[in-house]
Amino acid sequence: MPLHPPIPSQAETAEPQPASSRRVVLDSLRFLTAGLIVLFHYQSEGPRSLEGFSPLFQRGYLATDFFLILSAYVLGRAYGRKVLSGAVSDERFLVKRVLRVWPAHLIVLAAFAVVVGLSATVGLTTHDPAQLEWRNLPAQALLIHAWGLDLGAGWNLPTWSLSALVVCYAAFPTLWRKLSRVSGALLLFGGGVAVIWAANGFSQSLYGRALYDLPFNLGVLRALPLFAFGACIARASELNWPSERLAPVVAVVAGVMVTGLQFVGRFDLLSVILLGLLIAAGGAIRVPQGGAVAALAGRISFALYITHILVAMIWFRFTHTVIARLDLPEPTQWALWALAFPLAVATAFAFERWIDSPIQAVVTHWADRLNFRRAPQVAREAAPR
């Protein structure tokens with residue numbers, strides 16, 4: 001189920017480009033992917049499930065895989081050289097990354113608890129009470145619920161990926177140092193694919209499930225190979241792969257193929273490979289216009305990712321009650337269902353602007369005062385990786 005600092009130019013010796021020129025495509029893809037995740041989670045709340053209309057609605061998990069790959073890619077481009085040079089220590093890197101996602105996660109989780117508590121006080125049931133057991137709340141708050149223990153997967157469902165990413169963040173500096181020794185772009189990309197293929201085989205032999213079907217409590221096992229793949233792509237991009245001239249073609253072909261492939265059948269490994277190509281190409285494309293709009297969309301994507309389940313819990317509980325009492329016709333039901341999407345985006349915008357950004361300003365200030373090896377201050381990312 002990640003994801004921005006300025007992305008450095010691809011070639012080691014190239015002059016840095018304006019931050020917006022190489023972020024527009026990735027920021028836009030990030031927001032589009034967040035929207036697809038929302039659609040995947042909301043599609044069953046309509047008068048009829050959308051899975052019967054198109055197989056695309058059965059592949060929503062690929063959007064989360066995209067985020068995980070993109071997380072490592074952007075971290076590699078933003079922090080890779082700082083890690084190698086020692087400008088940022090491993091400890092400082094991990095603390096900054098955890099503090100980027102944890103405060104917002106705790107605030108949203110607290111909002112869940114308030115809604116559930118108030119609902120119980122007035123005698124109302126929540127939309128999906130089986131997902132909201134109080135005994136599972138501590139593990140979610142600590143972001144350890146995807147570390148292999150059976151600690152529940154309810155409450156804010158998408159946060160399993162944040163839990164898994166904490167482990168990925170801890171592994172990133174060591175992983176990047178290893179990858180920096182590899183100088184072949186195609187070898188790096190192929191090596192990343194091999195890691196996912198091997199992890200999928202391991203998952204099937206040990207758990208009897210494909211990597212992409214693992215339960216949320218095993219999220220680390222799913223996330224690490226995808227994260228490693230993204231890091232491989234980031235390192236390959238430092239070697240000017242794909243080239244700036246070829247990147248638009250690769251992006252279009254990969255995007256069309258991964259979309260069309262979902263209508264043919266379930267081909268997860270090939271789909272992930274195509275998503276990797278899309279990220280690699282998107283990071284190489286310069287788009288000098290639209291940077292401000294894309295940057296805003298990129299910032300909202302994280303907030304949308306962690307708040308949309310809360311919106312769904314409240315909105316669909318309300319609409320289902322209204323529909324049942326008034327016996328509304330199906331077109332009206334669909335209209336109420338569709339309103340959930342602009343409501344989710346508006347909530348994400350408000351959360352990012354008036355809650356997450358101010359808190360991050362404070363967190364960044366105090367994080368720089370922690371007793372770790374000092375390093376030049378780096379720009380705060382607008383969404384998790």
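Where in the chain is Ala 210 found? That is where this note starts, after a word on the model as a whole.

1. Overall picture. Keep in mind that this is a predicted model. Of its 385 residues, 53% count as buried.

2. Ala 210. Back to the opening question: Ala 210 is in the loop between α6 (185-207) and α7 (219-238). Is Ala 210 buried or exposed? Ala 210 counts as buried because its relative accessibility is 16%, and the cut-off for buried is under 20%. Leaving aside residues up to four places away in sequence, Ala 210 touches Asn 200, Ser 203 and Gln 204. As for Arg 222, it sits twelve residues from Ala 210 in sequence, with 9.4 Å between the two C-alpha atoms.

3. The α8/α9 pair. A reminder on terms: two packed helices are described by the angle between their axes and the distance between the axes. Here α8 (247-264) packs with α9 (residues 268-282) at an angle of about 155 degrees, the axes being 8 Å apart. That angle is why α8 counts as roughly antiparallel to α9, the cut-off being over 145 degrees. The crossing of α8 past α9 is left-handed.

4. On the α8 side you will find Ala 247, Val 250, Ala 251, Ala 254, Gly 255, Met 257, Val 258, Leu 261 and Gln 262. They meet Leu 270, Ser 271, Leu 274, Leu 275, Leu 277, Leu 278 and Ala 281 in α9. By type, the contact of α8 with α9 divides into 13 nonpolar residues, three polar and no charged.

5. The α10/α11 pair. The axes of α10 (residues 291-326) and α11 (residues 330-338) come within 10 Å of each other and cross at roughly 165 degrees. Because of that angle, α10 is roughly antiparallel to α11. The handedness to note here is right-handed, for α10 passing α11. Which residues meet? From α10 come Trp 315, Phe 316, Thr 319 and Ile 323, and from α11 Gln 333, Leu 336 and Trp 337. That contact of α10 with α11 holds five nonpolar residues, two polar and no charged.

6. Asp 327, in the loop between the two. Asp 327 is found in the loop between α10 and α11. Its phi is near 50 degrees, a positive value in a residue other than glycine. Asp 327 is exposed, with a relative accessible area of 65%.

7. Leu 143. Here is another positive phi to look at: about 55 degrees for Leu 143, although it is not a glycine. Leu 143 has its place in the loop between α4 (137-142) and α5 (160-179). Is Leu 143 buried or exposed? Leu 143 is buried, at a relative accessible area of 3%.

8. The cis peptide. Which residues does a cis peptide bond join? Trp 241 and Pro 242, with omega at about -10 degrees. Pro 242 lies in the loop between α7 and α8, and α8 is the helix that packs with α9 in point 3.

Technical notes. Residues are numbered from 1 along each chain as its sequence is written. This is a predicted model: local features need pLDDT of at least 70, side-chain atom pairs count only at pLDDT 80 or more; totals for chains, interfaces and linings use all residues. Side-chain values use heavy atoms; hydrogens and water are left out. Buried means under 20% relative accessible area, exposed over 50%, partly exposed in between (1.4 Å probe, protein chains only). Helices (H or I, at least four residues) and strands (E, at least two) are DSSP runs, numbered from the N terminus. Contact means heavy atoms within 4.5 Å. Axes are lines fitted to C-alpha atoms, for helices over the stretch in contact, and angles run from 0 to 180 degrees between N-to-C directions. Angles under 35 degrees count as roughly parallel, over 145 as roughly antiparallel, 65 to 115 as roughly perpendicular and the rest as oblique. A crossing is left-handed if the near helix is turned anticlockwise from the far one by less than a right angle, and right-handed if clockwise. Ala, Val, Leu, Ile, Met, Phe, Trp, Tyr, Cys and Pro count as nonpolar, Asp, Glu, Lys and Arg as charged, and the others, Gly among them, as polar.
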